[in-house]
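User: Please walk me through this model. Keep it brisk, and define your terms as you go.

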Amino acid sequence: MTRRPRGAPPAPPPSTPLRPAVSPPAGALLAERRLIEATLVACGVPARDREDLLQIVLLAAWNAVQAGRYRPHPRAHPRRALQAWLQGIAWRQAGHHLGRAHVRREVPVEEPRALVDEGSVSPEGRLLARAALRALAELPAPDRELLLAAAGPRTITAHARAHGLSPSTTARRLHLARKALARRIARRLW
């Protein structure tokens with residue numbers, strides 16, 4: 001660590017910003033709406049999501065202005081600096097939006113069943129499914145009921161409480177029922 005010479009002004013703390021915060025009016029942000037929309041289009045945001053994302057960008061920009069995080073270079077043209085800053089926010093928000101799983105996997109179509117081909121399931125898969133269903137039907141009723149409950153929306157703990165059993169007993173019975181089903185399926189396939 002070096003010492004400051006006598007009489008020298010103290011160094012600013014590292015967290016002190018070098019540029020002053022600027023607070024443009026809300027109207028200046030709204031005036032750049034077309035630029036933000038063009039940035040969202042260039043980033044590949046679907047038309048159905050653009051209006052929502054535009055509002056998110058404007059809100060994020062306004063929150064940053066209110067928090068004092070908009071600090072353009074003092075020599076920069078005010079409107080160009082604001083446009084570049086808004087483009088950066090729009091680009092980042094578009095990236096976050098397009099990275100969400102529901103956006104990546106969503107395919108809006110008028111007739112979803114038209115996309116499903118009847119022959120899309122292999123014949124072997126159909127035979128395996130039928131064998132599994134027959135094997136499940138051959139199991140004793142308590143095992144069958146437990147396996148179907150495990151495949152449903154309720155938890156095993158809720159199933160155990162409904163039948164007056166402890167969760168550990170139910171889990172053990174479920175394990176044994178799964179093993180019995182696997183043995184029956186294996187016998188059917190060989």
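Analyst: One definition comes before the rest: a polar contact is a pair of N or O atoms within 3.5 Å; within protein, one must be able to donate a hydrogen and the other to accept it, and residues adjacent in sequence count only if both atoms are side-chain atoms. This is a predicted model, so local features need pLDDT of at least 70 and side-chain atom pairs need pLDDT 80 or more, while totals for chains, interfaces and linings use all residues. Residues are numbered from 1 along each chain as its sequence is written, and side-chain values use heavy atoms, with hydrogens and water left out.

User: Which side chain makes a polar contact with the side chain of E32?

Analyst: E32 sits in the loop between α1 (26-30) and α2. Its relative accessible area is 4%, so E32 is buried (under 20%; exposed is over 50%, partly exposed in between; 1.4 Å probe, protein chains only). Beyond four places in sequence, E32 touches R79, L82, Q83 and L86 (contact means heavy atoms within 4.5 Å). The polar contact, at 3.1 Å, is with the side chain of Q83.

User: How many helices does the protein chain have?

Analyst: Helices (H or I, at least four residues) and strands (E, at least two) are DSSP runs, numbered from the N terminus. Along the sequence the pattern reads α-α-α-α-α-α-α-α-α. The chain has 0 strands, and its helices number 9.

User: What share of the residues of the protein chain counts as buried?

Analyst: The accessible surface comes to about 14,200 Å², with 57% of it on carbon and sulfur atoms. That area comes from the Shrake-Rupley method with a 1.4 Å probe; for residues, only the protein chains shown count as cover. Of the 190 residues, the buried share is 23%.

User: How far apart are the end C-alpha atoms of α4?

Analyst: Helix α4 covers residues 78-99, which makes 22 residues. The expected span is 1.5 Å times one less than the number of residues. For α4 that gives 32 Å, and the model agrees, because the end C-alpha atoms lie apart by 32 Å.

User: Which elements do the buried residues of α3 pack against?

Analyst: Helix α3 has 20 residues and reaches 29 Å from first to last C-alpha, close to the expected 28 Å. Its buried residues are D49, L53, L54, V57, L58, A61, A64 and V65. An α-helix has 3.6 residues a turn, so residues three or four places apart point the same way. The buried residues of α3 pack against α1, α2 and α4.

User: Which residues have the most contacts inside the largest nonpolar core?

Analyst: A nonpolar core is a set of buried Ala, Val, Leu, Ile, Met, Phe, Trp, Tyr and Cys residues joined through side-chain atoms within 4.5 Å. The largest has 17 residues, and those with the most contacts inside it include L86. Outside four places in sequence, L86 contacts L29, E32, I36, V57 and A61.

User: At what angle are the ring planes of Y70 and W85?

Analyst: Rings of Phe, Tyr and Trp (its six-membered ring) pair if their centres lie within 6.5 Å; planes under 30 degrees apart are stacked, over 60 edge-to-face, the rest tilted. The count comes to 1 aromatic pair. Y70 and W85 have ring centres 4.5 Å apart, and the pair is tilted because the planes are at 45 degrees.

User: Which parts does this pair of Y70 and W85 tie together?

Analyst: Y70 and W85 are 15 residues apart in sequence. Y70 is buried because its relative accessibility is 5%. The pair ties the loop between α3 (47-66) and α4, where Y70 lies, to helix α4.

User: Which side chain does H97 join through a polar contact of 2.9 Å?

Analyst: H97 is in helix α4. At 8% relative accessibility, it counts as buried. Beyond four places in sequence, H97 touches V45, D49, L53 and V103. The 2.9 Å polar contact joins H97 to the side chain of D49.
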